[in-house]
Amino acid sequence: AGLELNNKGGAVAAFESPLHIEACVFRENYAFIQGGAVFSTAYPWPGAPRVDEAQVPADLVIIGCTFVDNWSGDEGGAVATSDTQARIVDSVFLGNRAVMGGALGFLNGSHQVLRCRFEKNRARLAGGAVIYTGQEDLYLEEVEFRENEAEDRGGAVGMRSGNLLSLLRCWFLDNRAIRGGAVEVYRARMEADYVLWYRQSASDRGGGLFVEESPGVALSHCS
């Protein structure tokens, strides 16, 4: 707890390395750029030689962890990834902060977030709890978002220029932003099944959901 790394990964930074974290607590860690607590990338440490130019698989797995009051000066207040495949399960994110992605910041890759809780995370721009930027997919199942906030867009989740945002049995409660109090989708598809939207707030438009330049949105059994 309370560690600082001026660049990426305030507590743990993994370059070209698979990373598995289970039953850990990360509290009050800070990174200047990405990943207040944890950062994972498929690329080498800047300046380090690489024998094989092919990208090295670097999956990130987080199970049963708690992230409290971590923050990043740019993206991913608790966890940030770059070109990895992340799977985050049965974890809690409370009171984390960043410019984008108050708790999680994903850059490229396909990611799964399962049975997690995000509460009172904050982003100065977009994605109060989670932000995704890339060309692939973000899959969320049985995830609770409560009282998260973005000062601009996507109070809980921001999907920016991806392929598909999939929400299955998720709960959005009391999240807020200027646009998209719960979710913002920009230039990506979205599918939502059995999703609860309760008391979301947007000061401009899209209290629950704000969609812009999307090729398609499908909502089913939502309330």
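This is a predicted model: local features need pLDDT of at least 70, side-chain atom pairs count only at pLDDT 80 or more; totals for chains, interfaces and linings use all residues.
Let me start with the overall build. The protein has 31 strands and 0 helices. Its radius of gyration is 16 Å. The globule rule gives 17 Å for 223 residues, so the protein is as compact as a globular protein of that length. Along the principal axes, the C-alpha trace spans about 50 × 35 × 30 Å. Of the 223 residues, 50% count as buried.

Now the contact pattern. Take contacts between residues at least 6 apart in sequence. Of these, 81% join residues at least 24 apart.

Next, the aromatics. A search of the whole structure gives 8 aromatic pairs. I will show two.

Phenylalanine 15 belongs to strand E2, residues 12-15, and phenylalanine 39 to strand E6, residues 38-41. The pair therefore ties together parts that are 24 residues apart in sequence. Are these two residues buried or exposed? Both phenylalanine 15 and phenylalanine 39 are buried.

The other pair is phenylalanine 145 with phenylalanine 172. Here the ring centres are 4.9 Å apart and the planes meet at 5°, so the pair is stacked. Strand E20, residues 144-146, carries phenylalanine 145, and strand E24, residues 171-173, carries phenylalanine 172. This pair ties together parts that are 27 residues apart in sequence. Phenylalanine 145 and phenylalanine 172 are both buried.

One aromatic cluster is formed by Phe26, Phe67, Phe93, Phe118, Phe145, Phe172 and Trp197.

Stay with phenylalanine 172 for a moment. The largest nonpolar core has 43 residues. Which of them touch the most other members? Phe118 and Phe172 do.

On to valine 68. Valine 68 lies in strand E8, residues 66-68. Its relative accessibility is 9%, so valine 68 counts as buried. Valine 68 and arginine 27 are 41 residues apart in sequence, yet their C-alpha atoms are 4.8 Å apart in space. Setting aside neighbours within four places in sequence, valine 68 is in contact with Phe26, Arg27, Glu28, Leu94 and Asn96. Phe26, from that list, is also a member of the aromatic cluster.

Now the cysteines. How many disulfides does the structure hold? The count is 0. The cut-off for a disulfide is 2.5 Å between sulfur atoms. The two cysteines also sit in unlike surroundings. Cysteine 24 is partly exposed, at 29% relative accessible area. Cysteine 65 has 1% relative accessibility and counts as buried.

Glutamate 213 has a positive phi of about 55°, although it is not a glycine. Glutamate 213 lies in the loop between strand E30, residues 209-212, and strand E31, residues 217-220. It is partly exposed, with a relative accessible area of 48%.

Histidine 221 likewise has a positive phi of about 55° and is not a glycine. Histidine 221 lies in the segment after E31. At 54% relative accessible area, histidine 221 is exposed.

Back to the loop between E30 and E31, where we also find glycine 216. Glycine 216 is partly exposed, at 27% relative accessible area. What does glycine 216 touch, not counting residues up to four places away in sequence? Glycine 216 touches Ala188, Arg189 and Met190. For scale, glycine 216 and leucine 94 are 122 residues apart in sequence and 32 Å apart in space, C-alpha to C-alpha.

That is the tour. Thank you.

Definitions and conventions: Residues are numbered from 1 along each chain as its sequence is written. Side-chain values use heavy atoms; hydrogens and water are left out. Buried means under 20% relative accessible area, exposed over 50%, partly exposed in between (1.4 Å probe, protein chains only). Rings of Phe, Tyr and Trp (its six-membered ring) pair if their centres lie within 6.5 Å; planes under 30 degrees apart count as stacked, over 60 as edge-to-face and the rest as tilted. Helices (H or I, at least four residues) and strands (E, at least two) are DSSP runs, numbered from the N terminus. A nonpolar core is a set of buried Ala, Val, Leu, Ile, Met, Phe, Trp, Tyr and Cys residues joined through side-chain atoms within 4.5 Å. Contact means heavy atoms within 4.5 Å. The radius of gyration is taken over C-alpha atoms; the globule rule is 2.2 Å times the number of residues to the power 0.38.
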